[in-house]
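Have the sequence and the 3D view open side by side.

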Amino acid sequence: MDDIQPLPQPTARDIAARVRAGRMTPEEAVRESLDRIAAVDGAVNAFTEVWADRAISEARELAARPDLADLGLAGVPFALKDNTARDNDVVQRLVQAGAIPVGTTANPQFCTWGTTDAPGRITRNPVRPGLSPGGSSGGAAAAVAAGMVPFAQGNDGMGSLRIPAAACNLSTIKSTPGIVPGRNGRNDWYGMAVQGVIAQDNDDLTLLMRELTLGHVDAVGAPLPENFGAMLDLSSPVAGFGAREEWKEAARQAAKTLGDAGFPVRKAKAPYPLNPLPMLARWSAGVADSLADEGMPDHLEWRNRVHARIGRSLRWSISDRQVVRARSKMEKFLPGDNVLITPALATEPPSTGPWNSRPWSANMLANMRFAPFVSVWNLLGFPAGVVVEPVTGVPVQVVARMTQERVLLTAMDRIAAGGVVGGGA
C-alpha cells in the first residue's frame, strides 16, 4: 500500500492562468482534481470527505462571474483540513479569490500530534514510502504531494504546517499571528496556532499568501533590504535531539546560496527558551479546552486523554510575561531584516502505523526526535517557513522577525532558485 505513484499536477498559478485566459473552465479544473483523488487516494488516505457534486456546482457558478478574468486563484481546486469549517475566514478569503474546495483532509484527533492517523485509518506519505506524512496537517500535505490538489489549507499550532510540508517536500509558512485570517477552531492554543496553506513550491506559496494577506507580501521577489543577512544555527532547541547530517547539510547549503549571492551569513546559536513548560502548557491546555468545547468524541485516544489531563494541571501557569521575555531575547539575537536558517526536521518522519493506539510517552518521544525545530516559533510568534533546498533536495526552515513575511518569502525564493530570484543583492 505504501508504493504510491504521485500524479503530475499543474501548479495553482498555471491552473489560474489557464482559467483566466479561457483555455480551461473551472469545471474542467475541478473534474481533473476529482479524477486524481479517485485514482490515488485509496492508497494515500488523505481525504476524509470529497464534495464532488458541490464542487462541480460551485465551479459552474464561478464560470459565470463577470470578474473571473481578474481572480488570482480562478478555478483552482483545493482541500480543507478536517478541523476547518467552510465559513472560516481563511477559506472565504481563498474562495473569494476564485479557489474551489473539493473536500476535507485528515488530521489526528484534536490536531495534537506530528503523525496523521486514527483508529482504522492511516494517512501515508506519497514521497517517503513507509513513513508518516507528518501532522497535524498530514492529510493536506499528502493530498498535495500525491498530485490530488495543487494546494491545501491547514493550520499550525506546534509545527502542524511545517512538519508535514518538510515530510512531503513541499512549501509552507507559519505566519505572524493575525497576518492570515481565520481562527483555528474554537481556540488557538493560547496564541500559538495560525491558519495557512501547503503548496507544491514557493512560487505557488507566494501567490497564495498574496491572496490570503490582501497584498501584505506583494513585494516578494523585489531586491532584499540593504541590511539583509542570514544566520545559520544547526543546534537543536530541544536538548538531546539534534539533526542528522542530511538535514544539517541542507541548512548549510541554503546559507551558502545566500552567501554566494553576496549577502552576509554567519553561524550563531539562537537563545532558545530553556524552560519547556510555557509551550507544553499552551499546547496541552489547548487540547483540554478543545475537549471541553467540542465534547467527548466517540473514541477519545489515550494519548489525548493524558495530554488533556496535563493541560488541565498546567493551565494556571500560562502567562503573557513568559512569551514577552523569550521574544525579547530572540529579537535582540535576530536583527530586523535578517533571517535564521535551521534544519526543518531532525530525522526522517516516523514510520506509518497506528500511533493513535500507542502511549502518550511514545508519541511525545517520536515528536521530539524528528521535529524539535518548529514549535518554538509558535510560542514566540515569529513567522517561519519550509522550502526545499534544491542542491540537496531536503527541506529547510527559514525564520524571520514578526510581520516580516515579505523578507521571509523572498529569502525562501532565493534559496529555492539557487539565489537568482528578485534581482541583485
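Helices here are DSSP runs of H or I with at least four residues, numbered from the N terminus. Please keep in mind that this is a predicted model.

**Helix H2**
- Helix H2 covers residues 26–44, which makes 19 residues.
- At 1.5 Å a residue, H2 should span 27 Å, and its end C-alpha atoms lie 25 Å apart, so the two values agree.
- A kink of about 40° is centred on Ala38 in this helix.
- Several H2 residues are buried, including Pro26, Ala29, Val30, Ser33 and Leu34.
- Further along H2, the buried residues include Arg36, Ile37, Val40, Asp41 and Val44.

- Asn45 belongs to the loop that links H2 with strand E1 (47–50).

**A cis peptide bond**
- Between Gly135 and Ser136 the peptide bond is cis, with omega near 10°.
- You will find Ser136 in the loop between strand E5 (121–122) and helix H5 (138–145).

**Trp189**
- Trp189 is not a glycine, yet its phi is positive, at about 55°.
- Look for Trp189 in the loop between strand E7 (171–174) and strand E8 (194–199).
- Is Trp189 buried or exposed? Its relative accessible area is 4%, and buried means under 20%, so Trp189 counts as buried.

Note on methods: Residues are numbered from 1 along each chain as its sequence is written. This is a predicted model: local features need pLDDT of at least 70, side-chain atom pairs count only at pLDDT 80 or more; totals for chains, interfaces and linings use all residues. Side-chain values use heavy atoms; hydrogens and water are left out. Helices (H or I, at least four residues) and strands (E, at least two) are DSSP runs, numbered from the N terminus. The expected span of a helix is 1.5 Å times one less than its number of residues. The bend at a residue is the angle between axes fitted to the seven residues ending there and the seven starting there. Buried means under 20% relative accessible area, exposed over 50%, partly exposed in between (1.4 Å probe, protein chains only).
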